[in-house]
Amino acid sequence: TEIIEAIAGGKHLGIMGGTFDPIHYGHLVAAETARTVFGLDNVLFIPTGIPPHKNHCPVTDPNLRYEMVRLSIRDNSYFKVSRLEIERDGPTYTIDTLRTLKGLFPQQELYFITGSDVLEDILAWREPNEIIRLARIIGASRPGYDAGDSLKRIYDLYPEVKGRITELEIPALAISSTDIRIKVKNQRSIRYLLPEEVRLYIKNNHLYEKK
Ligand code: ATP
Ligand code: MG
């Protein structure tokens with residue numbers, strides 16, 4: 001409710017969904033660039049509960065992932081973190097989250113911020129056309145992924161959402177959570193890939209050391 005009040009006054013709401021296992025500078029740069037380029041009043045980070053597309057590999061306890069996001073964003077007053085998906089039972093779907101947010105903030109324009117890898121996947125999600133109708137999509141460039149083809153495929157299938165997806169060039173960071181987890185497991189340094197507080201949190205809680 002505190003978060004709802006803080007966001008309620010805005011007109012343009014960014015939504016940054018992710019597993020954040022762990023959060024890293026790729027996520028933060030994408031969110032901050034989207035915020036400034038699109039004039040977003042807030043960016044709401046929403047860590048997933050049990051991700052429907054990741055149930056083949058176990059993810060870290062949602063409360064720990066939430067805490068790492070909280071530590072990362074507390075010095076940016078435009079960034080907020082939500083427990084919306086963590087507290088929902090069963091697998092969480094983006095369309096449900098967007099419907100909830102639209103219900104809470106009916107006058108706000110929603111912007112769903114993703115990396116270009118997610119644009120490739122979006123057609124496999126539940127009700128992709130409804131997702132794009134409810135929220136504009138910002139596809140942040142991500143090294144190794146090209147969104148061009150996916151855009152065409154999406155618009156061919158759903159001409160009614162044409163123009164609602166915008167590609168956004170951001171400073172390229174070839175950082176991924178997967179790579180960070182592997183580095184920790186192999187006792188390699190993860191310094192400078194994510195906020196220092198998160199690095200220490202991972203260390204103190206012995207996250208990713210074996211799996
Ligand atoms: P994993 O390797 O576990 O999939 P990830 O690094 O891809 O982790 P996610 O939590 O899956 O992180 O991603 C959340 C969102 O952030 C997605 O939309 C993803 O495309 C985007 N994203 C992640 N890393 C980057 C990056 N380096 N540059 C741009 N966008 C990114
Ligand atoms: Mg990913």
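What share of the contacts in the protein chain with a separation of 6 or more is accounted for by residues 24 or more positions apart?

1. The share is 81%, for contacts in the protein chain with a separation of 6 or more. The model is a predicted one. Its protein chain holds 10 helices and six strands.

2. On overall dimensions, a compact globule of 211 residues would have a radius of gyration near 17 Å, and the protein chain agrees because its own value is 17 Å. Along the principal axes, the C-alpha atoms fill a box of roughly 50 × 40 × 35 Å. Buried residues make up 37% of the 211 in the protein chain.

3. Around ligand 1 there are 18 residues, of which Gly18, Gly26, Gly115, Ser177 and Thr178 come nearest. Two or more residues of this shell are given by each of α2 (25-38), β4 (109-115), α6 (116-121) and α9 (177-185).

4. Which element gives the largest share of the shell around ligand 1? That element is α2, with three residues. The length of α2 fits a helix: its 14 residues should span 20 Å at 1.5 Å a residue, and the end C-alpha atoms are 19 Å apart, so the two agree.

5. Several residues of α2 are buried, namely Gly26, His27, Leu28, Ala30, Ala31, Ala34 and Arg35. Gly26 is also one of the residues that come nearest to ligand 1. Just after α2, Gly39 has a positive phi of about 60 degrees.

Definitions and conventions
Residues numbered from 1 in each chain as written. Chains lettered and ligands numbered in written order. Predicted model: local features only at pLDDT ≥ 70, side-chain atom pairs only at ≥ 80, totals over all residues. Near = placed C-beta within 6 Å. Helix = DSSP H or I, 4+ residues; strand = E, 2+ residues; numbered from the N terminus. Expected span 1.5 Å × (residues − 1). Buried ≥ 20, exposed ≤ 12 C-beta atoms within 10 Å, placed from the backbone. Rg over C-alpha atoms; globule rule 2.2 N^0.38 Å. Contact = placed C-beta atoms within 7 Å.
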